[in-house]
There are 2 protein chains.
Amino acid sequence: MKATIKDVAREAGVSIKTVSRVLNHERYVGKDTRARVEATVAAMGFRPSTAARALAGRRSFQIGLACDNPSPYYVYEMQSGIRDRCQQDGVRMLAQPYDRDSDRLLKDIADLVDGARVDGLILTPPVTDFAPVLAMLADRNVRVVRVSPGTSPELTASVFIDNQAAALAMTRHLTGLGHRRIGFVQGHPSFATSAQRFEGYRVGLAEVGVAIDRALVRKGAFDFASGAEAAEVMLTLDQPPTAIFASNDDMAAGILSIAHRRGLNIPGDLSVAGFGDDALAGYVWPPLTTVRQPTRMLGFVAADLLLMPTTGNERRELSFELIVRASTGPA
Amino acid sequence: MKATIKDVAREAGVSIKTVSRVLNHERYVGKDTRARVEATVAAMGFRPSTAARALAGRRSFQIGLACDNPSPYYVYEMQSGIRDRCQQDGVRMLAQPYDRDSDRLLKDIADLVDGARVDGLILTPPVTDFAPVLAMLADRNVRVVRVSPGTSPELTASVFIDNQAAALAMTRHLTGLGHRRIGFVQGHPSFATSAQRFEGYRVGLAEVGVAIDRALVRKGAFDFASGAEAAEVMLTLDQPPTAIFASNDDMAAGILSIAHRRGLNIPGDLSVAGFGDDALAGYVWPPLTTVRQPTRMLGFVAADLLLMPTTGNERRELSFELIVRASTGPA
DNA sequence: TTGTACGCGTTATCAA
DNA sequence: TTGATAACGCGTACAA
């Protein structure tokens with residue numbers, strides 16, 4: 001039915017091993033031999049079996065992506081970036097969505113490593129900072145690249161942006177417009193980035209001599225609903241904020257929704273700022289002022305670190321971008 | 001390093017084959033033997049190698065998902081539904097995003113079948129209706145389930161909603177409110193669902209004696225930008241529409257954005273309707289009146305059809321839901 | 001109900 | 001620069 005390496009070898013008049021050499025771009029293959037084999041492979045439409053390669057060799061030509069983010073856009077962009085890089089090397093990406101609250105988390109990821117024998121693994125928050133998982137992976141000696149890790153950066157290779165600096169830049173933008181009562185909606189507490197962004201907010205306020213007002217800081221979960229909920233509370237205060245900075249765009253959208261419902265003029269009555277890959281920011285009205293995180297590029301670079309024959313645990317920092325769309329000073 | 005079936009067998013004091021029997025839930029295993037083996041497997045944290053199973057057996061315990069949709073939400077929900085079903089059977093989902101305009105499309109999908117030896121394949125539009133791909137799959141005798149296929153429904157198993165009926169229901173809702181000048185933004189022309197939805201719109205208008213006005217029908221591509229573009233044109237007509245029905249929610253969001261920019265009162269001056277999984281519809285303001293397509297469930301059922309030991313090419317129709325949020329009659 | 005021997009398609013080892 | 005042959009870890013057929 002499906003052709004095997006054996007068939008190709010017979011057809012090309014060479015040994016099995018020679019075909020294997022050509023397939024794996026090994027050295028020591030005669031120039032014309034290589035050409036002939038490549039032609040035969042193409043003509044027969046031969047595709048090596050991933051299973052057999054994984055079993056016999058030390059590579060499976062597969063990498064894993066353990067990802068669980070409340071935002072579909074994040075997942076989509078991350079997968080796209082990784083896939084783009086994988087395609088260059090003919091490697092398959094195994095996207096393993098996990099549930100961060102599940103007791104099967106460790107098992108799911110172990111399956112990817114033991115079952116699929118992936119050549120490497122990309123982790124996105126919050127599992128980037130789950131000690132049991134990291135220990136399990138270290139124990140199995142798997143190559144790991146973490147995206148936006150919160151702890152022990154020396155443990156694995158990683159890619160990230162400076163979340164605190166980004167949040168600081170946004171806060172400065174708002175204080176620069178004259179805002180002093182700036183609400184903040186925190187990210188999901190499991191994510192290390194949540195704390196980093198909050199810290200940027202805190203520092204930004206401190207720079208203009210404003211202390212944190214607990215009434216203006218609400219817990220969130222990186223989703224639309226928690227943003228809306230936070231806005232409900234903050235906008236009914238005796239002294240409501242003149243601007244709200246949400247830790248991601250989904251929550252910012254939730255804030256906008258509530259603000260509209262209450263008949264507020266945006267950004268006249270309230271400036272709203274977000275943080276994300278900007279995919280969503282243009283959908284809402286008015287378009288969000290936001291910190292753009294290059295999610296797709298984070299994925300691409302993560303895959304690059306995994307596929308490159310590097311040695312150490314490289315760290316790559318990418319830059320963010322402050323996109324100002326609709327924000328004004330307080331009335 | 002990693003434990004094999006051999007280690008488990010030795011540890012449990014049985015043969016390799018017996019362990020294999022337990023792992024595959026075969027009959028003819030002594031009750032206590034089974035218990036002992038299961039305990040050993042758990043104790044050793046043993047996980048069978050997907051590669052070896054795929055190579056030796058006739059199953060790989062992997063299914064493929066070929067998916068390329070302009071909407072991240074669609075992809076996310078589809079993947080989630082399929083994964084939920086796969087988890088029940090301990091099967092891995094290999095998500096293969098493809099580029100519908102790429103000449104590598106056929107190759108990418110062939111890789112999934114020949115390379116990964118998937119037990120089955122789920123196709124989402126538009127590749128559901130690409131004859132060369134379907135022919136290649138038929139040639140390889142792979143189990144295929146198509147989501148929302150547009151042609152030859154008897155060719156494979158399939159899951160779908162009645163797109164035409166859904167679009168008709170929405171159009172009736174709008175005409176019922178008194179609208180007669182209803183704009184329509186078509187979906188991407190590669191998708192069969194685009195034509196089906198347009199047909200529902202056409203019939204709905206015909207029912208109230210209104211013929212298609214070409215000025216009120218614009219081409220779209222299922223993304224935000226094309227919705228915005230269509231709105232730009234329609235809203236500058238001498239006689240602009242009093243309502244616009246977009247073939248999906250992303251385009252409806254684009255319409256809203258333009259309407260806001262032009263200072264239109266929604267839904268007073270313009271009612272906007274969409275079509276989608278409703279994930280996005282609540283983000284925008286005002287929340288969209290939309291046809292809710294159960295994307296996640298479509299994926300779940302597709303995986304179910306693939307994993308069930310059925311024989312024929314079953315067809316399962318799911319129901320849609322009309323969600324009315326902000327739409328009123330014309331001014 | 002259990003065990004033995006073989007083969008799946010590829011890479012690794014070592015010899016030619 | 002090439003080729004023969006032994007693994008890789010599991011399922012299958014058949015024997016016990």
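**Close-up views of a predicted model**

**Figure 1. A:Phe222 is buried, with 27 other C-beta atoms within 10 Å.** The model shown here and in the following figures is predicted. A:Phe222 is buried because its count of 27 reaches the threshold of 20 or more other C-beta atoms within 10 Å. The residue is located in the loop that runs between β7 (217-218) and α10 (224-234) of chain A. Although A:Phe222 is not a glycine, its phi is positive, at about 65 degrees. As background, most residues other than glycine have a negative phi.

**Figure 2. A:Asn141 is an exposed residue of chain A.** The loop between α7 (131-140) and β4 (143-147) of chain A holds A:Asn141. With 9 other C-beta atoms within 10 Å, A:Asn141 counts as exposed, because the limit for that class is 12 or fewer. The phi angle of A:Asn141 is positive, near 65 degrees, in a residue other than glycine.

**Figure 3. A cis peptide bond leads from A:Ile266 to A:Pro267.** Its omega is near 0 degrees. A:Pro267 sits in the loop between α11 (249-261) and β9 (271-276) of chain A. In chain B, B:Ile266 and B:Pro267 are likewise joined by a cis peptide bond, with omega about 0 degrees. B:Pro267 belongs to the loop between α11 and β9 (271-276) of chain B. In general, most peptide bonds are trans.

**Figure 4. Chain A contains 12 helices and 12 strands.** Taken along the principal axes, the box filled by the C-alpha atoms of chain A is roughly 85 × 35 × 35 Å. Of the 331 residues in chain A, 51% are buried. When contacts in chain A between residues at least 6 apart in sequence are considered, 69% of them join residues at least 24 apart.

**Figure 5. The contact between the chains takes 36 residues from chain B and 36 residues from chain A.** On the side of chain B that touches chain A, the elements giving two or more residues are α4 (50-56), α5 (72-89), β2 (92-97), α6 (105-115) and α11 (249-261) of chain B. Among these, α5(B) gives the most, with 7 residues. By class, this side of chain B consists of 20 nonpolar, 9 polar and 7 charged residues. The copies meet through the same surface, because 100% of the interface residues of chain B are also interface residues in chain A.

**Figure 6. Helix α5(B) passes α12(B) in a right-handed crossing.** The axes of α5(B) and helix α12 (residues 295-307) of chain B come within 7 Å and cross at roughly 35 degrees. On the α5(B) side, the residues in contact include B:Tyr74, B:Met78, B:Ile82, B:Arg85 and B:Asp89. On the α12(B) side, they include B:Met297, B:Leu298, B:Phe300, B:Ala303 and B:Leu307. Divided by class, the contact of α5(B) with α12(B) has 10 nonpolar, 5 polar and 6 charged residues.

**Figure 7. DNA strand C has 26 residues around it.** Those that come nearest are A:Ile5, A:Ser20, A:Ala56, A:Gly57 and B:Gly30. At least two residues of the surface near DNA strand C are supplied by each of α2 (16-23) and α4 (50-56) of chain A and α2 (16-23) and α4 of chain B. This surface comprises 13 nonpolar, 9 polar and 4 charged residues.

**Figure 8. DNA strand D is surrounded by 26 residues, of which A:Gly30, B:Ile5, B:Ser20, B:Ala56 and B:Gly57 are the closest.** Two or more residues of the surface near DNA strand D come from each of α2 and α4 of chain A and from α1 (5-12), α2 and α4 of chain B. The largest share, 4 residues, is that of α4(B). The classes represented near DNA strand D are 12 nonpolar, 9 polar and 5 charged.

**Figure 9. B:Arg21 lies in helix α2 of chain B.** B:Arg21 is partly exposed, with 18 other C-beta atoms within 10 Å. Leaving aside residues up to four places away in sequence, B:Arg21 touches B:Glu26 and B:Val29. B:Arg21 and B:Tyr73 are separated by 52 residues in sequence and, from C-alpha to C-alpha, by 41 Å in space.

Key: Residues are numbered from 1 along each chain as its sequence is written. Chains are lettered from A and ligands numbered from 1 in the order in which they are written. This is a predicted model: local features need pLDDT of at least 70, side-chain atom pairs count only at pLDDT 80 or more; totals for chains, interfaces and linings use all residues. Two residues are in contact if their C-beta atoms, placed from the backbone, lie within 7 Å. Ala, Val, Leu, Ile, Met, Phe, Trp, Tyr, Cys and Pro count as nonpolar, Asp, Glu, Lys and Arg as charged, and the others, Gly among them, as polar. Axes are lines fitted to C-alpha atoms, for helices over the stretch in contact, and angles run from 0 to 180 degrees between N-to-C directions. A crossing is left-handed if the near helix is turned anticlockwise from the far one by less than a right angle, and right-handed if clockwise. A residue is near a molecule or strand if its C-beta atom, placed from the backbone, lies within 6 Å of it.
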